[in-house]
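Visitor: I've got a model open and I'd like to learn how to read its features. Could you walk me through them?

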Amino acid sequence: MQPRARIALLSLVVGIGVLILKTIAYLMTGSVALQSDALESIVNVLAASMALFAVRFAEEPADREHPYGHGKIEHFSATFEGGLIALAALIILYEGVTSLIKPHPVEDMNLGLAI
């Protein structure tokens, strides 16, 4: 495995770990701030997955259908990540407005923040 692929894999593994912790913190507290943080982590995991795929695919040598190689897939990866960020922003905006209209108490905030 090439160094770029190892870094992308490490990013994916760390992202999954962070997502799990943030999701636990959100579920414990019900905090919209921690929920939006967990949503951002979902974006990171999906983006890291796409980056790992793109880096691995870009390593493939040129062939008949791709005489200049497969490196342009990395541009699609960046576009995919941008789309995910925009989608997460819309979901976070919706959740924020919803919680302003129908507020609910935050529970066990200290433990959630500690996680």
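Visitor: Let's start with D37: is it buried or exposed, or something in between?

Guide: The general idea first: buried means under 20% relative accessible area, exposed means over 50%, and partly exposed is in between (1.4 Å probe, protein chains only). D37 has a relative accessible area of 31%, so it counts as partly exposed. Keep in mind that this is a predicted model, where local features need pLDDT of at least 70, side-chain atom pairs count only at pLDDT 80 or more, and totals for chains, interfaces and linings use all residues. Residues are numbered from 1 along each chain as its sequence is written, and side-chain values use heavy atoms, with hydrogens and water left out.

Visitor: Which residue does D37 meet in a salt bridge?

Guide: Side chains of opposite charge can pair when their charged atoms come close. The cut-off here is a side-chain nitrogen of Lys or Arg within 4 Å of a carboxyl oxygen of Asp or Glu. D37 pairs with K22 that way, at 3.4 Å from N to O. The two sit in distant parts of the chain, D37 in helix 2 and K22 in helix 1, 15 residues apart. Helices, by the way, are DSSP runs (H or I, at least four residues), numbered from the N terminus.

Visitor: And what else does K22 form a salt bridge with?

Guide: With E40, where the closest N and O atoms are 3.4 Å apart. K22 is in helix 1 and E40 in helix 2, so this pair ties together parts 18 residues apart in sequence. E40 is partly exposed too, at 33% relative accessible area. Through shared partners, K22, D37 and E40 end up in one network. The salt bridge count comes to two.

Visitor: Now the greasy part. Which residues make up the largest nonpolar core?

Guide: A nonpolar core is a set of buried Ala, Val, Leu, Ile, Met, Phe, Trp, Tyr and Cys residues joined through side-chain atoms within 4.5 Å. Here the largest one has eight residues: A5, A8, L12, L19, V45, A48, L52 and V55. Helix 1 and helix 2 are the elements that give two or more residues to this core.

Visitor: What is L19 in contact with, leaving aside its neighbours within four places in sequence?

Guide: Contact means heavy atoms within 4.5 Å. On that basis L19 touches A38, S41, I42 and V45.

Visitor: Where is S36, and what does its side chain reach?

Guide: Look in helix 2, residues 32-58. The S36 side chain reaches the backbone oxygen of A33 at 2.8 Å.

Technical notes: Polar contact = N/O pair within 3.5 Å; in protein donor to acceptor, adjacent residues only side chain to side chain.
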